[in-house]
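Welcome, and thanks for coming along. Open your viewer, and we will go from one selection to the next.

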Amino acid sequence: MELLKKYPKLFQWLFLLIVFFALCFAIDVPETYKFIRGQAEFIKDPNQSFYILFGKEVRYYAFDNFWRLPPLLGWLPIWINDGLFFLLNEWMPMEFWDSATQEYKTRPLVLQISRNITAFMTFLIEFIREILLGGVETIVAFTSWNFVSAYPWAKLPGLPWTIVAAGAAILAYKLSGKGLAIFAGLVMIYISVFGQWKPSMQTLSFILVAAPLSFIFGLSLGVMAYKSKRVEKALYPILLVMQTMPQYAVLVPAMVLFGIGDHAAVIITMVVAIPPMILLTLIGLRGVSPEVIEAGKMSGCSNWQLLTEVLIPTARRDILIGVNQVIMVCFSMAVISAFIGAKGLGWNLLLALNQLNIGLALEAGLCISLIAILLDKMSLAWANKQTDYFGNLTFYERYKNTIFFGGAVLIGTILAIIGSLFFKEGFNYLYEVPHNKGISTADFWNKGVDWIFDTFFVYIKAFNTWLITEVLQPMRALYLRMPAVATLVLVVGAGYIIGGIRSALTVGALTLFIALSPWWDRALVTTYMATFGVVISCTIGFIVGTLCQQNKYTTNFMLGVCDIFQTFPSFVYLIPVMMLFGVTDTSVLIAVIVYATIPATRYTIEGLRSVPPALHDAATMSGVTKFQRLFKIEFPLAFPHMMLGLNQTIVFALFMVIIGAFIGTEDLGQYILKALSDKAGGGKGLVLGICVAFIGLIFDNLIRTWVEQRKKHLGID
Amino acid sequence: MTDAVIKCESVYKIFGTNAKKMLQEANGNVDAKTFQENGCIVGVNNASFEVSKGEMLVVMGLSGSGKSTLLRCISRLTDATGGKIYIEGLDLLSLKEKELIELRRNKMGMVFQSFALLPHKTVLENIAFPLQIKGIETEKSINKAMDMVKLVGLDGRENYFPRELSGGQQQRVGIARSLAVEPDIWFLDEPFSALDPLIRKEMQDEFLRLQEKLKKTIMFITHDFDEALKLADRIAIMKDGIIEQLDTPAKIVLNPATEYVKKFTEEVPREKVLIIEDVMDAPTSDNLSNLKVSKDEIIENVAEKILSQEKSVGVIDKNNKIVGTVHPSKIIHTVFGGRKENS
């Protein structure tokens with residue numbers, strides 16, 4: 001009994017686990033159950049049960065209700081679909097002037113709005129793209145195709161690659177200094193020489209449209225949330241879900257509303273990029289000291305002046321970190337939205353991966369990674385840059401960068417003209433190196449892959465077989481044995497023990513949503529893959545982080561490595577694993593592990609680093625050994641922060657598992673991929689995405705509640 | 001008094017969701033405890049006072065005494081829950097947003113404890129900020145700001161950023177900024193509390209010099225009783241939102257109204273605070289010594305001279321007219337004995 005009093009939580013947990021396992025054993029998997037068959041599909045089968053709700057028929061395979069709840073939410077995707085269809089095609093028909101046919105046409109309002117947005121976005125993207133690459137579409141937008149064919153000179157010439165490269169270097173110099181300038185120049189030259197110029201500029205123009213728009217919307221919404229509690233409360237759940245929703249699940253509804261192509265991709269990128277901007281704006285504005293605000297008010301600022309002259313400039317750094325986030329999200333979306341037909345590097349990567357041409361994929365991936373690092377470093381440099389005072393500078397000092405850029409434009413133009421005389425036949429390499437005319441290393445890499453396969457095939461194959469048959473299959477089977485009721489009990493119980501009734505209700509509701517959706521078993525598979533990845537990532541991250549933390553140089557080195565790896569869009573990670581392990585579950589899992597190890601390592605290091613130095617000294621003076629200090633002081637204190645890392649690791653792992661569907665897995669991701677090619681996939685994609693987000697949020701809620709209590713207990717912040 | 005620049009009539013500030021209702025129900029009888037049980041916190045409790053033109057009122061109190069809240073009610077950075085506040089006869093609480101901004105732009109200046117400078121602007125730009133907000137053209141406001149830079153002795157540093165300045169220098173910028181629009185009313189919220197003792201003393205002297213020149217109407221907040229004594233024309237001592245005593249420094253030191261106030265006055269070196277006028281007796285026909293002292297002299301400065309006399313010393317006013325007498329024993333009594341007598 002004393003033991004019970006001493007560790008009440010421990011016994012609660014034990015009791016919960018006993019109940020859970022008892023339920024698992026008591027409820028057997030029905031014999032008729034077949035995993036692969038989807039349960040809410042429109043295949044008519046006499047074995048199916050069905051029910052009708054809101055006039056929609058939902059068909060499903062009935063099983064023992066304890067084992068698998070009937071998909072009572074099965075109508076939701078259908079209903080969303082019909083809702084979207086109705087909005088788009090039938091709701092509020094109005095008269096609109098059609099300039100192409102010169103007459104009024106009746107069109108539903110939403111369709112017209114979506115068309116207008118589409119046209120606007122397309123124009124913006126084309127405009128920037130043509131500044132970089134040249135073309136006639138912008139002129140056409142203002143005049144007509146006839147005008148362009150009549151006057152062949154009427155087109156945007158596009159900037160020679162030399163000018164863009166010089167521009168990037170000068171901008172980098174202005175933001176940070178020589179080092180970054182050289183890096184920027186080299187990246188641009190690399191892109192050009194290796195023939196990736198056109199797709200890279202397409203991707204860049206995509207970002208140049210998406211990022212500023214996301215910034216403006218994010219900033220305004222953030223300010224609104226700061227001003228009004230009500231707006232904040234309304235935004236908060238959306239922000240939470242968007243943070244854990246796999247980016248690629250939102251592609252599907254966007255496709256339904258806006259179709260396929262760059263414009264749809266830009267819009268959906270904004271949807272994904274705005275939430276972090278809102279969050280960071282809020283954090284920044286909250287961080288402005290109240291006295292500064294009062295000083296502004298006492299200086300007689302109106303509300304608008306207070307915002308633009310006091311609040312935003314003072315919160316500048318956080319807001320610019322938000323810009324950095326926006327750019328990185330935009331970039332990562334630019335790659336993923338290749339799935340809905342956005343042009344650029346992502347598109348090339350997708351094609352190459354589809355053809356299993358690892359060499360080409362690797363080239364595109366390298367370009368993506370280099371541009372990602374460059375954009376990340378430049379925007380961070382901007383955030384950390386302190387404003388200079390230009391009070392007593394000479395004309396030259398003040399306009400140095402502009403002058404240099406002017407010079408670069410001049411020289412670039414001259415070079416391009418010389419080039420046009422020199423390379424009379426074929427391509428003007430000083431203007432633009434065409435896609436397939438640069439130096440290509442694809443063959444080399446392909447040969448390398450072949451060589452690896454030839455040499456190590458036996459071992460890789462053996463490892464692969466071992467992993468799949470001995471580890472993955474049994475683990476998956478175990479997860480699939482989890483009856484819905486038992487899982488619900490486990491999750492609610494855990495919520496109750498950790499955070500009381502409130503937490504229990506939240507996580508219970510989230511789990512119930514997934515359990516009532518038609519994809520319970522898929523969600524289990526997703527969870528199994530994520531768990532496998534998270535366990536291994538955390539082990540690696542924990543060990544590596546702890547080892548690196550012992551020394552200042554290795555710490556900084558490791559954090560730098562994490563920074564760089566984190567900038568890569570998740571999709572890129574699939575390239576090397578496919579190179580080594582081909583198209584199997586193993587590839588996905590290894591990509592998951594590599595990707596999810598980043599936050600695990602980072603948070604371990606940061607957690608250990610956050611232990612106050614005074615405690616180190618105190619411990620050393622009490623005569624502890626290094627190991628004692630690590631285990632008795634540093635780990636317990638750093639543990640809450642490390643748990644936040646676990647949180648991030650889970651989110652990263654889930655993202656990767658979902659993207660892994662591209663290689664071929666049998667989880668929620670696979671259905672999302674299917675929904676992408678399904679005309680009526682909008683609702684399904686959205687609900688599937690929400691399911692994944694909810695898996696993440698269940699863990700998020702439990703971990704966060706625990707961390708907060710633990711921190712309070714330890715008296716940290 | 002009719003020339004009161006600031007006038008407060010039973011000002012209340014109560015934090016909490018239904019503060020207004022509770023205040024009405026309390027009917028002028030606000031008890032902090034009952035309010036707290038109902039989830040309200042009393043910040044300022046029935047504050048009534050006036051500040052006349054050119055006067056410096058120092059509000060002294062420990063942290064949580066409501067002194068800063070009172071100041072924020074008067075500058076209307078927060079809205080008072082009840083009572084009336086008049087600024088030069090204007091009913092502050094009835095002002096509209098626009099009128100309030102107008103008032104702040106022209107009549108009020110405020111200095112903050114943590115300086116509250118804008119980190120992205122230089123010293124000059126910070127000082128010019130209220131002028132620019134007002135819409136004064138850049139060249140004019142920069143000239144004006146430059147005058148202010150000189151006034152607070154920061155010439156040569158006008159192009160520095162706040163982060164490049166020491167605490168004392170930053171507060172000079174804060175002071176210059178609050179004075180840039182030439183306000184009549186000057187609010188200072190613990191302006192020197194964040195500074196080192198030596199710098200604080202230097203800044204206090206500087207502040208007195210400025211006030212000598214500018215003659216503003218001042219409300220000065222501090223938690224340092226010595227600072228209050230040194231600067232104030234009158235001191236208001238606050239505790240738990242209530243003004244315990246409001247009087248001149250000398251009267252507070254001589255006659256503390258409550259036990260709480262007495263705790264502060266006990267350790268005060270009286271000879272440094274009191275002037276002859278505070279301790280003199282009525283003029284008598286007794287024969288006086290040859291020494292005459294002015295009634296405005298601080299005791300410390302003349303104590304030695306008076307103590308060297310045997311007879312009473314005559315006290316004179318500006319016109320050399322005798323207005324009272326001081327016996328040496330009175331000086332001894334005041335300096336050494338007074339504390340026991342009061343306790």
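Start with D155(B), which sits in the loop between α6 (138–151) and α7 (167–179) of chain B. Keep in mind that you are looking at a predicted model.

Is D155(B) buried or exposed? D155(B) counts as exposed, because it has 10 C-beta neighbours inside 10 Å. Show its contacts next: leaving aside residues up to four places away in sequence, D155(B) touches V149(B) and K150(B). H120(B) and D155(B) are 35 residues apart along the chain, and 20 Å separate their C-alpha atoms.

**Chain B as a whole**

Zoom out and select chain B. Colour it by secondary structure to find 15 helices and 13 strands. Of the 343 residues in chain B, 41% are buried. If you draw the contacts of chain B with a separation of 6 or more, 66% of them come from residues 24 or more positions apart.

**Over to chain A**

Select chain A next. Here there are 28 helices and four strands, and 44% of the 717 residues count as buried. Among contacts between residues at least 6 apart in the sequence of chain A, 74% join residues at least 24 apart.

Now give each domain of chain A a colour: domain 1 (93–150), domain 2 (160–193 + 393–440), domain 3 (199–367) and domain 4 (524–714). Keep domain 1 and domain 3 of chain A in view; their centres, taken over C-alpha atoms, are 25 Å apart. Where they meet, eleven residues of domain 1 of chain A are in contact with 14 residues of domain 3 of chain A. On the domain 1 side of that meeting place, seven residues are nonpolar, three are polar and one is charged.

**Into the core**

In soluble globular proteins, nonpolar side chains tend to be buried together. For the last stop, look at the largest nonpolar core, which has 286 residues. Which residues touch the most other members? They are C330(A), L349(A), V592(A), M656(A), I672(A), C691(A) and I127(B). Helix α9 (residues 197–227) of chain A supplies the largest share of this core, 15 residues.

Not counting residues up to four places away in sequence, C330(A) touches I207(A), A210(A), A211(A), S214(A), T269(A) and A273(A).

Notes
Residues numbered from 1 in each chain as written. Chains lettered and ligands numbered in written order. Predicted model: local features only at pLDDT ≥ 70, side-chain atom pairs only at ≥ 80, totals over all residues. Domains from an automatic or database assignment. Contact = placed C-beta atoms within 7 Å. Nonpolar A, V, L, I, M, F, W, Y, C, P; charged D, E, K, R; others polar. Helix = DSSP H or I, 4+ residues; strand = E, 2+ residues; numbered from the N terminus. Buried ≥ 20, exposed ≤ 12 C-beta atoms within 10 Å, placed from the backbone. Core = buried A, V, L, I, M, F, W, Y, C linked by C-beta atoms within 7 Å.
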